[in-house]
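Have a look at the fold below with me.

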Amino acid sequence: MSNTNIIHEIPAKQKAVAFTFDDGPHPIYTPQILEIFKEVSGKATFYMIGKHMLEHPEIVNNVVEQSHEIGNHTYSHPFLTKLSKDDCKEEIKESDSIIKKLTGQRAATFRPPYFDFNEDTVSIVQDFSYKMIGAVNMDAVDWEQPGVNHIVTKSRNHIRNGSIFLFHDGLGDRSQTVEAVRILVKELVDEGYQLVTVSELMQFTENKSY
Ligand SMILES: [Zn+2]
């Protein structure tokens, strides 16, 4: 698919970036991430898996209470292009309903599992009025546990106004991610960056296509 359907960064004038965390909520790692952001009054976006939300609604509550954003990441994390259009729609719709039920509001953005999407996915995502969100630091591959230093160094190369960073707080041992995020958050705050949600970041541009 062409990159025009997915947003990896925002042409922001402000010194601001968005951290995103996929595949939670997780009872160990999500609270650790929340603590890091609480200490610096930063905000983040969590692309939660619908069925994980049902397993840990109390963590979903904590995330919402601390004014972070929750985005749609499907109900069961499938490869969407391997599903029929109807099944793909069901995956997104189910999660849309769970988010609304648990948080009281609809999600504004969507991230496809494995960044696997096609024209059908794009049209369904548009029907739900979601923006599809990518990231600038795919080469950090935090999900492969490549070492804290690798995650930090690769992500650091992409620090600029409007960057969207990808990390994971679920589906595996995420202790390397937590340590890398702790380091990056401190550096960014020291450099004067605001840590905002993806939806907030999209407000930081006059480009109306966002
Ligand atoms: Zn995922």
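**Questions about this predicted model**

Q: In which helix is the place of I151?
A: Happy to start here, with a reminder that the model is a predicted one. The place of I151 is in helix α6.

Q: Is I151 buried or exposed?
A: The cut-off for buried is under 20% relative accessible area. I151 has 0% relative accessibility, so this residue counts as buried.

Q: Which residues is I151 in contact with, leaving aside its neighbours within four places in sequence?
A: Contact here means heavy atoms within 4.5 Å. With neighbours within four places in sequence left aside, the contacts of I151 are A140, D142, P146, F167, Q176, T177, A180 and L184.

Q: How far apart in space are I151 and D139, C-alpha to C-alpha?
A: In sequence, I151 and D139 are twelve residues apart. In space, their C-alpha to C-alpha separation is 8.4 Å.

Q: How many helices and strands does the protein chain have?
A: Let us step back to the whole chain for a moment. The protein chain has eight helices and seven strands.

Q: Why can the chain be called as compact as a globular protein of its length?
A: For 210 residues, the globule rule gives 17 Å. The chain is close to that, so it is as compact as a globular protein of that length, with a radius of gyration of 16 Å. Along the principal axes, its C-alpha atoms fill a box of roughly 45 × 35 × 30 Å.

Q: What share of the residues is buried?
A: The accessible surface of the protein chain comes to about 9500 Å², and 46% of that belongs to carbon and sulfur atoms. Of the 210 residues in the chain, the buried share is 51%.

Q: What percentage of the contacts with a separation of 6 or more is between residues 24 or more positions apart?
A: Take the contacts in the protein chain with a separation of 6 or more. Residues 24 or more positions apart account for 78%.

Q: How far apart are the mean positions of the positive and negative charges?
A: The protein chain has 21 positive and 30 negative charges. Their mean positions are separated by 4 Å.

Q: Why are the buried residues of α1 on the same side of the helix?
A: Helix α1 spans residues 29-39, and its buried residues are Y29, T30, I33, L34, I36 and F37. An α-helix has 3.6 residues a turn, so residues three or four places apart point the same way.

Q: Which peptide bond is cis, with omega near 0°?
A: Look at the loop between β1 and α1, where P25 is found. The cis bond, with omega near 0°, is the one from G24 to P25.

Q: Is V141 buried or exposed?
A: The place of V141 is in the loop between β5 (131-132) and α6 (148-156). Although not a glycine, V141 has a positive phi of about 35°. Its relative accessible area is 17%, under the 20% cut-off, so V141 is buried.

Q: What phi does Y114 have?
A: Y114 is found in the loop between β4 (109-110) and α5 (119-127). With a relative accessible area of 45%, Y114 is partly exposed. Although Y114 is not a glycine, its phi is positive, at about 60°.

Q: Which residues is L54 in contact with, leaving aside its neighbours within four places in sequence?
A: The place of L54 is in helix α2 (residues 50-55). L54 counts as partly exposed, at 43% relative accessibility. With neighbours within four places in sequence left aside, L54 is in contact with Y75 and I98.

Q: How far apart are the C-alpha atoms of N5 and G192?
A: N5 lies in the segment before β1, and at 24% relative accessibility N5 counts as partly exposed. Leaving aside neighbours within four places in sequence, N5 is in contact with F117, V122 and M132. N5 and G192 are 187 residues apart along the chain, and their C-alpha atoms are separated by 31 Å.

Conventions: Residues numbered from 1 in each chain as written. Predicted model: local features only at pLDDT ≥ 70, side-chain atom pairs only at ≥ 80, totals over all residues. Heavy atoms only, no water. Helix = DSSP H or I, 4+ residues; strand = E, 2+ residues; numbered from the N terminus. Rg over C-alpha atoms; globule rule 2.2 N^0.38 Å. Buried < 20%, exposed > 50% of the residue type's maximum accessible area, 1.4 Å probe, protein only. Areas by Shrake-Rupley, 256 points an atom, 1.4 Å probe, with all protein chains shown as cover. Lys, Arg positive; Asp, Glu negative; His and termini not counted. Charge placed at Lys NZ, Arg CZ, Asp CG, Glu CD.
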